[in-house]
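Me: I'd like to go through this model term by term and ask what stands behind each label. Could you walk me through it?

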Amino acid sequence: GEGLGQLPRRVRPIEKAPVRLLVFPEEWFTALYPKTGVTGPYMALGGVATFLCSKEFFVMEHDFYVGIGLAIVLTFVVKQVGPDYTASINKELDEEEAALKAIRQNEIDGCLQMIAAEEASQANTTAYADIIAAKKEAVGLQLEGVYRARLQDAYTQVKKKLDYQLETANVVRRMEQKHMVDWIIGNVKKSITQPRRTLPLRSAFLTSRDSPVHKCNGYWTFLVTL
C-alpha cells in the first residue's frame, strides 16, 4: 500500500533474458562469478549432473536417447525456421505497438494543439487591447481632424460675414461722404450768384497782374468769361 510509493515502476521486458546452455539464466553465472570464478558455474553443473547420473537419480533409459534425438531435430527446425518466424512475429508486434503509440501520440498532439490554440488566443486577447487602444487613438485623430476642419470652416464663414459687414459699412460711409460733399458743393454753388463769382476772380486778377501768372492772360480771360 503506502510502502510501495517509493519503489521504481516495473518495466515490461521487450526482449527475452539472456541464457546459457539454452536453459540456464545468465543471472546465475553472473552471481557465481565473484565466488567461484569463471569456471565455477560449469563445474557446479558438471558435478551435479555426475552426482545424479552416478547415483541413478537420473536414469538414462531409451526415452533419454529419444529425447536427445528430438532435441537435435527441434534445434535444427528452430535454426532454420525460427529467424523468419521471429521476424514476422516481431513485425506484427511492431505494427501493433506503433498503432497503440499512434493513439497515444495523437492524443498528445491534440492536447498540444489545444494548448497552442489557447496560447494564441491569450496572445490575441493581449493584442486585442492594444488594437482597441490604437483604434481609439485613430478615431481621436479623425475627430481632431474633423474638429479642426469645422473650426477652420467656421472661421472662414465668420470672416466672410465680417468682411461683408465691413465692406458694407465702407460703401455706406463712402456714399454718405460723397452725398455730403455733393450736397455741400451744390448748396455752395446755389448760394454764389454771378456777380459774386466774377468779383473774387477780378480782384485776384488785379492783385496778381504783376506776377508771372499774368503771362497766362488768355487763361485768366477765359476764367473771367465764365
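Me: What makes the meeting of the E97 and K101 side chains a salt bridge?

Reply: A salt bridge is a side-chain nitrogen of Lys or Arg within 4 Å of a carboxyl oxygen of Asp or Glu. For E97 and K101 the N to O distance is 3.1 Å, so the pair falls inside that cut-off. Bear in mind that this is a predicted model, where local features need pLDDT of at least 70, side-chain atom pairs count only at pLDDT 80 or more, and totals for chains, interfaces and linings use all residues. Residues are numbered from 1 along each chain as its sequence is written, and side-chain values use heavy atoms, with hydrogens and water left out.

Me: Where do E97 and K101 lie?

Reply: Both are in helix α3, four residues apart, about one turn of the helix. Helices here are DSSP runs of H or I with at least four residues, strands are runs of E with at least two, and numbering starts at the N terminus.

Me: Why is E97 called partly exposed, and why is K101 called exposed?

Reply: Buried means under 20% relative accessible area, exposed means over 50%, and partly exposed is in between (1.4 Å probe, protein chains only). E97 has 33%, so it is partly exposed. K101 has 52%, so it counts as exposed.

Me: What makes V48, F51, L52, F57, F58, M60, Y65, I68 and I72 a nonpolar patch?

Reply: Patch residues have over 30% relative accessible area and no salt bridge; nonpolar side chains (Val, Leu, Ile, Met, Phe, Trp, Tyr) are joined within 5 Å, like charges within 9 Å. F58 has 39%, so it passes the area cut-off. Together the patch residues have about 900 Å² of accessible area, by the Shrake-Rupley method with a 1.4 Å probe, where for residues only the protein chains shown count as cover. Helices α2 (40-54) and α3 each give two or more residues, while F58 lies in the loop between them.

Me: Why is E56 called exposed?

Reply: Its relative accessible area is 59%, so it clears the cut-off for exposed. E56 is found in the loop between α2 and α3, and its phi is near 60 degrees, a positive value in a residue other than glycine.

Me: What makes the largest pocket a pocket, and how much space lies in it?

Reply: On a 1 Å grid over the protein atoms alone, a pocket is an open set of points with protein on both sides within 12 Å along at least five of seven lines, and lining residues have an atom within 4 Å of a point. About 680 Å³ of space lies in the largest one. Of its 16 lining residues, the closest to the centre are I14, E15, K16, N90 and L93. Helix α3 (residues 62-191) gives the most to that lining, with nine residues.

Me: How many residues of the protein are buried, as a percentage?

Reply: Buried residues make up 4% of the 226.

Note on methods:
1 Å grid on protein atoms, 1.4 Å probe; cavity = no way out; pocket = protein on both sides within 12 Å on 5 of 7 lines; lining within 4 Å. Points joined across faces, edges and corners; volume = space filled by probe spheres on them.
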